Amino acid sequence: MATPESKTKARVKKTLEANNAWYFMPVQGGFGDYTLDFLCARWPDSRFFAIETKKHNADPTDRQWALINRLRERGTRVFIIDDEADGLKLKHESIAALDAWLKGNHP
């Protein structure tokens with residue numbers, strides 16, 4: 001049975017593939033450092049970005065927030081995608097916002 005977050009991940013993958021973006025989904029084994037759901041690069045500028053997917057109204061964990069903040073402090077674009085987000089919330093973004101950014105329509 002597909003979870004809400006797995007459905008969001010599937011839609012994110014389709015959006016990345018439709019925009020010719022490279023992505024990697026690390027498998028977390030509980031050992032070593034942690035990361036987010038997707039590590040990506042945008043074509044054609046090869047700009048690195050990351051994505052954390054969440055079910056509706058769920059928040060990243062404290063460890064995820066720590067990494068998100070570290071990445072953002074270094075200039076990395078990090079999306080926190082809620083498939084049901086309206087694109088207007090500050091902590092969650094829609095897949096449409098990701099698609100627009102990949103197409104160069106937003107910074």
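Colleague: Of the 13 residues in the largest nonpolar core, which touch the most other members?
Modeller: The model is a predicted one. Its largest nonpolar core has 13 residues. Those that touch the most other members are Val12, Leu16, Phe49, Ile51 and Leu98.

Colleague: Which element supplies the largest share of this core?
Modeller: At least two core residues come from each of α1 (4–18), β2 (38–42), β3 (47–54), β4 (77–82) and α3 (95–102). The largest share amounts to 4 residues, and its source is α3.

Colleague: How many residues does the other core, apart from this one, contain?
Modeller: Ala50, Leu71, Val78 and Ile80 are among the members of that separate core. Its residues number 8.

Colleague: With which residues is Ile51 in contact, leaving aside its neighbours within four places in sequence?
Modeller: Contact here means heavy atoms within 4.5 Å. With those sequence neighbours set aside, the partners of Ile51 are Val12, Leu16, Leu36, Asp37, Phe38, Cys40, Phe79, Ile81 and Leu98.

Colleague: Are α1 and α3 roughly parallel or roughly antiparallel to each other?
Modeller: The axes of α1 and α3 lie 10 Å apart, and the two helices pack at an angle of about 20°. Angles under 35 degrees count as roughly parallel. The pair α1 and α3 is therefore roughly parallel.

Colleague: How many nonpolar, polar and charged residues does the contact of α1 with α3 have?
Modeller: The crossing of α1 past α3 is right-handed. From α1, Thr8, Arg11, Val12, Thr15 and Leu16 meet Ile95, Leu98, Asp99 and Leu102 of α3. By class, this contact has 5 nonpolar, 2 polar and 2 charged residues.

Notes. Residues numbered from 1 in each chain as written. Predicted model: local features only at pLDDT ≥ 70, side-chain atom pairs only at ≥ 80, totals over all residues. Heavy atoms only, no water. Core = buried A, V, L, I, M, F, W, Y, C linked by side-chain atoms within 4.5 Å. Buried < 20%, exposed > 50% of the residue type's maximum accessible area, 1.4 Å probe, protein only. Axes fitted to C-alpha atoms, helices over the stretch in contact; angles between N-to-C directions. Parallel < 35°, antiparallel > 145°, perpendicular 65-115°, else oblique. Left-handed = near helix turned anticlockwise from the far one by under 90°. Nonpolar A, V, L, I, M, F, W, Y, C, P; charged D, E, K, R; others polar.
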